[in-house]
Amino acid sequence: MAQRLFICSNCKSIPRERALMVVIEKYYPNWRNLDIHESSPGNRGASLKLKNNSKNYLATQYYPNEEFGAVINNFQNEDLENQTFNDCSFDLVISQDVMEHVYNPEKAFSEIARTLRKGGAHIFTLPIINKHMKTEIWAVKGENGEPIFTNKPEWHSNVVDANGSPVTMHWGFDIVDFINEKSGLKTIIEHIDDLHYGIRGELIEVLVSVK
């Protein structure tokens with residue numbers, strides 16, 4: 001069932017955003033008091049709820065041609081693969097549909113683990129396209145930073161780049177083993193189907209990687 005049929009008339013969230021918040025509440029009910037880093041937040045739904053209700057919320061975006069660590073358009077500029085944060089800086093790292101756009105997910109997951117405190121978690125969504133098939137690399141980075149697609153070119157919208165973001169990975173359920181191997185984080189996948197929360201549809205898995 002299309003997620004657009006379940007857009008919240010108030011906050012404009014879609015099912016996987018609400019699923020994300022349900023999972024955050026389940027594992028970290030005290031999230032409002034935690035140090036949270038959200039990478040590439042949207043301008044609606046879960047991102048706004050986190051921003052407006054967390055005492056220590058930091059939002060970052062990726063501006064590849066600007067200084068990393070600098071504040072640009074009210075966002076700290078960060079490359080997930082090479083972050084400027086100190087070790088053990090956050091209780092939670094949140095990302096929504098980001099990890100299918102990184103060229104070196106091994107480094108990104110490792111960096112996220114480095115910035116998490118013990119007992120903290122990366123809680124995130126991404127489309128698990130391949131399900132029970134092996135994960136596929138969909139694009140690699142060219143010499144000038146451009147995507148070189150290994151399959152049919154695929155782009156998703158990007159709130160800070162009108163050109164969009166290239167899809168670099170088609171993940172399968174083997175992402176759990178990948179994250180554990182590359183970062184040491186133990187990962188589970190939550191799949192919620194609950195009309196009480198308006199959660200139903202495809203590609204609504206929420207992953208929880210705990211340090």
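Partly exposed describes a residue whose relative accessible area lies between the buried limit of under 20% and the exposed limit of over 50%. The legends below refer to a predicted model.

View 1. L58 belongs to β2, the strand formed by residues 56–61. The relative accessible area of L58 is 27%, so this residue is classed as partly exposed. Apart from neighbours within four places in sequence, the residues in contact with L58 are I36, H37, E38, Q76, F85 and F90. N180 lies 122 residues from L58 along the chain, and the C-alpha atoms of the two are separated by 25 Å.

View 2. Strand β1 (residues 35–39) and strand β5 (residues 90–96) run parallel and are joined by 4 bridges. Within this pairing, I36 has L92 of β5 as its bridge partner, and S39 has S95. The pairing of β5 with β6 is also parallel and comprises 6 bridges. There, V93 stands opposite H122 of β6. How many residues of β5 are buried? Of the 7 residues in β5, 7 are buried, and the strand is described as mostly covered. In a regular strand, side chains alternate between the two faces of the sheet.

**View 3. Helix α2 and its covering elements.** Helix α2 spans residues 45–53, and its buried residues are G45, A46, S47 and L50. Among the elements that cover these buried residues are α1 (15–27), β1, β2 and β5.

**View 4. Helix α3 against helix α4.** Two packed helices are described by the angle between their axes and the distance between the axes. For α3 and α4 (residues 175–183), the angle is about 65° and the axes are 9 Å apart. The crossing of α3 past α4 is right-handed. On the α3 side, the contact involves P105, E106, F109, S110 and A113, while α4 contributes I175, F178, I179, K182 and S183. Sorted by class, this contact contains 6 nonpolar, 2 polar and 2 charged residues.

**View 5. H101 in the loop between β5 and α3.** H101 is located in the loop that lies between β5 and α3. Is H101 buried or exposed? With a relative accessible area of 16%, H101 falls under the 20% limit and is therefore buried. A polar atom of the H101 side chain lies 2.9 Å from the backbone oxygen of P166. P166 is also among the residues in contact with H101 when neighbours within four places in sequence are left aside; the others are H156, S165, V167 and T168.

Terms used
Residues are numbered from 1 along each chain as its sequence is written. This is a predicted model: local features need pLDDT of at least 70, side-chain atom pairs count only at pLDDT 80 or more; totals for chains, interfaces and linings use all residues. Side-chain values use heavy atoms; hydrogens and water are left out. Two strands pair if DSSP finds at least two bridges between them. Helices (H or I, at least four residues) and strands (E, at least two) are DSSP runs, numbered from the N terminus. Axes are lines fitted to C-alpha atoms, for helices over the stretch in contact, and angles run from 0 to 180 degrees between N-to-C directions. A crossing is left-handed if the near helix is turned anticlockwise from the far one by less than a right angle, and right-handed if clockwise. Contact means heavy atoms within 4.5 Å. Ala, Val, Leu, Ile, Met, Phe, Trp, Tyr, Cys and Pro count as nonpolar, Asp, Glu, Lys and Arg as charged, and the others, Gly among them, as polar. Buried means under 20% relative accessible area, exposed over 50%, partly exposed in between (1.4 Å probe, protein chains only). A polar contact is a pair of N or O atoms within 3.5 Å; within protein, one must be able to donate a hydrogen and the other to accept it, and residues adjacent in sequence count only if both atoms are side-chain atoms.
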